[in-house]
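I keep these notes while looking through a protein model. I start with the whole chain and then go to single residues.

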Amino acid sequence: MQLEIFMFKSLLPSTAAAFALLLAPGAANAHTKLISSAPAANSTVSKVTSVSLKFNEKVIASTVKTEFVMTGMPGMANHAPMKIPYTAAMGKDGKSMTLALKRALVPGTYKVKWSAAGADTHRMGSEFSFTVK
């Protein structure tokens, strides 16, 4: 009986520490999220020559992937997505990225998809759309 009580008492500190780690907020629980973009999601804008992405944390540049397509053109129902040429550049802060377009966008609807990993190395991603008038 004394051996069982000793073993139970010796397990309490490590069990409590493990439980505390599960409840504590920290980088291991954080995931990369897009906190803003320009143009903003679901907005209607004019004269777009670049798209800016701002993340909640520094991202690992080698993990960032982006895709930029035109999804709708006035007068053309059901056209397939058309890739938009751009050059991507990470910001010096490590939390932002700019997609510099080869030319200003024509009127239509556009979708930007992104994925990236932050400090926890867990790749996250999402997409957003906007309209150019």
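The entries below follow the order in which I looked things up.

**Entry 1: ground rules.** The model is predicted, so I note that local features need pLDDT of at least 70 and side-chain atom pairs count only at pLDDT 80 or more, while totals for chains, interfaces and linings use all residues. Residues are numbered from 1 along each chain as its sequence is written, and side-chain values use heavy atoms, with hydrogens and water left out.

**Entry 2: the whole chain.** Helices (H or I, at least four residues) and strands (E, at least two) are DSSP runs, numbered from the N terminus. The order from the N terminus is α-β-β-β-β-β-β-β-β-β. Of the 133 residues, 27% count as buried. Buried means under 20% relative accessible area, exposed means over 50%, and partly exposed lies in between (1.4 Å probe, protein chains only). I also checked contacts, meaning heavy atoms within 4.5 Å. Among contacts between residues at least 6 apart in sequence, 60% join residues at least 24 apart.

**Entry 3: the sheet.** In which order do the strands of the open sheet of five lie? I read E2-E9-E8-E4-E5, with mixed pairing. Two strands pair if DSSP finds at least two bridges between them. Strand E2 (44–45) and strand E5 (82–83) are the edge strands, each pairing on one side only. E8 and E9 are antiparallel to each other, with 10 bridges. I looked up Thr109 and found that its bridge partner in E9 is Thr131.

**Entry 4: the core.** I counted 20 residues in the largest nonpolar core. Such a core is a set of buried Ala, Val, Leu, Ile, Met, Phe, Trp, Tyr and Cys residues joined through side-chain atoms within 4.5 Å. Those with the most contacts inside the core include Val51, Leu53, Phe68 and Phe130. Strands E3 (50–55), E4 (65–72), E7 (96–101), E8 (108–117) and E9 (123–132) each give two or more residues. The largest share, four residues, comes from E8. In soluble globular proteins, nonpolar side chains tend to be buried together. I then took Leu53 and left out residues up to four places away in sequence; among the residues that Leu53 touches are Leu34, Thr66, Ser96, Val112 and Phe128.

**Entry 5: Ser96.** Ser96 is in strand E7. Is Ser96 buried or exposed? Ser96 counts as buried because its relative accessibility is 18%. Its side chain makes a polar contact of 2.9 Å with the side chain of Asp93. A polar contact is a pair of N or O atoms within 3.5 Å; within protein, one must be able to donate a hydrogen and the other to accept it, and residues adjacent in sequence count only if both atoms are side-chain atoms.

**Entry 6: Ser126.** I found Ser126 in strand E9. Ser126 is partly exposed, because its relative accessibility is 35%. Ser126 and Ser115 are 11 residues apart along the chain, and their C-alpha atoms are separated by 6.7 Å.

**Entry 7: Val48.** Val48 is in the loop between E2 and E3. Val48 counts as buried because its relative accessibility is 4%. Val48 and Ala104 are 56 residues apart in sequence, yet 5.4 Å apart in space, C-alpha to C-alpha. Not counting residues up to four places away in sequence, Val48 touches Ala104 and also, among others, Pro39, Leu105 and Phe130.
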